[in-house]
Amino acid sequence: MKLSKRLEKIAKMVDQDAFVMDVGCDHALLDIYLIKQKIASSCLASDLHEGPLEQAKKNIREYKVENEVKTALGNGLEPIHDGIDTVVISGLGGLTMIGMVKYTPFRLNNVKTLILSPNSDCVLVREYFLKHGFYMVDEALVEDHNIIYPVLKLKKGAKAYHKLDYHFGPILREKKEEIFYQYYQKEQTRVKTLLAILPKRYIKKRFQLKRYLKAIQKYALAP
Ligand SMILES: C[S@@+](CC[C@H](N)C(=O)[O-])C[C@H]1O[C@@H](n2cnc3c(N)ncnc32)[C@H](O)[C@@H]1O
């Protein structure tokens, strides 16, 4: 079974014998892979919509992992239960991820590890989780079909961070690999385009974007 490069990177970040909740599992291919590769001990594949969950159930049956991969219909972390120590949320917007935790943080009480791959607002995701009881243990940028995706692995605990860590990732900005410069070159273009079309009344969003653009131009473009 072949995973996308992004899901493969996420799988590599999962700790051995983890009990994983995959929020927004869609096809549940990640969960099936984690069991087949003997990385996770159990998985809860959850989704907000019945359509994807039906497909997930079909795949789970086809790969004969019904004992190890259970499914749940629900919004965000609602279906979480005791025993789950790792939560994966990937392929959803950053603000959606934050919203899943902000008003019900107790749902993460027993969770030790978070693996997040937001489609958008990665800066806000880093800032939120690094300020709310998690620290970064691994971070990667993965290119898949010409799109570069961030993947973050966080553990429960606190560390002090500089504001540049929220913009560029404490580990990514330390490593500064080739893909880091490619990603922020693309981010510069994206932010400039967004600023050109975002109405002036979005004062806070425009301020955040301008600050981000300035930081990219100062710290994250190829020398
Ligand atoms: C783009 S797919 C991502 C699939 C997979 N996680 C991945 O990274 O390839 C997003 C999935 O999240 C589900 N979803 C959207 N909002 C959700 C929410 N609030 N709670 C749970 N699942 C959600 C959608 O139904 C969809 O199946």
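In which loop does Ala28 lie? Ala28 sits in the loop between β1 and α2 (29-36). Helices (H or I, at least four residues) and strands (E, at least two) are DSSP runs, numbered from the N terminus. The model is predicted: local features need pLDDT of at least 70, side-chain atom pairs count only at pLDDT 80 or more, and totals for chains, interfaces and linings use all residues. Residues are numbered from 1 along each chain as its sequence is written.

Phi of Ala28 is near 65 degrees, a positive value in a residue other than glycine. Ala28 is buried, with 26 other C-beta atoms within 10 Å. A residue is buried if 20 or more other C-beta atoms lie within 10 Å of its own, exposed if 12 or fewer, and partly exposed in between; C-beta atoms are placed from the backbone. Lys38 also has a positive phi, near 60 degrees. Lys38 belongs to the loop between α2 and β2 (40-47). Lys38 counts as exposed, with 9 C-beta neighbours inside 10 Å.

Helix α4 spans residues 94-102. Its buried residues are Gly94, Met97, Met100 and Val101. They cover an arc of only 120 degrees around the axis, so they lie on the same side of α4. The arc is that of the directions from the helix axis to the C-beta atoms. An α-helix has 3.6 residues a turn, so residues three or four places apart point the same way. The buried residues of α4 pack against β1 (18-23), β4 (86-90), β5 (113-117) and α5 (122-131).

The protein chain is divided into domain 1 (5-168) and domain 2 (176-223). These bounds come from an automatic or database domain assignment. The domain centres, taken over C-alpha atoms, are separated by 26 Å. Seven residues of domain 1 are in contact with nine residues of domain 2. Contact requires C-beta atoms, placed from the backbone, within 7 Å. On the side of domain 1 that touches domain 2, β6 (134-144) and α6 (163-168) each supply at least two residues. The largest share, three residues, comes from α6. This side divides into five nonpolar, one polar and one charged residue. Ala, Val, Leu, Ile, Met, Phe, Trp, Tyr, Cys and Pro count as nonpolar, Asp, Glu, Lys and Arg as charged, and the others, Gly among them, as polar.

Around the ligand there are 15 residues. Gly24, Asp26, Leu48, Ser90 and Gly91 come nearest. A residue is near a molecule or strand if its C-beta atom, placed from the backbone, lies within 6 Å of it. The shell comprises six nonpolar, seven polar and two charged residues.

Notes:
Contact = placed C-beta atoms within 7 Å.
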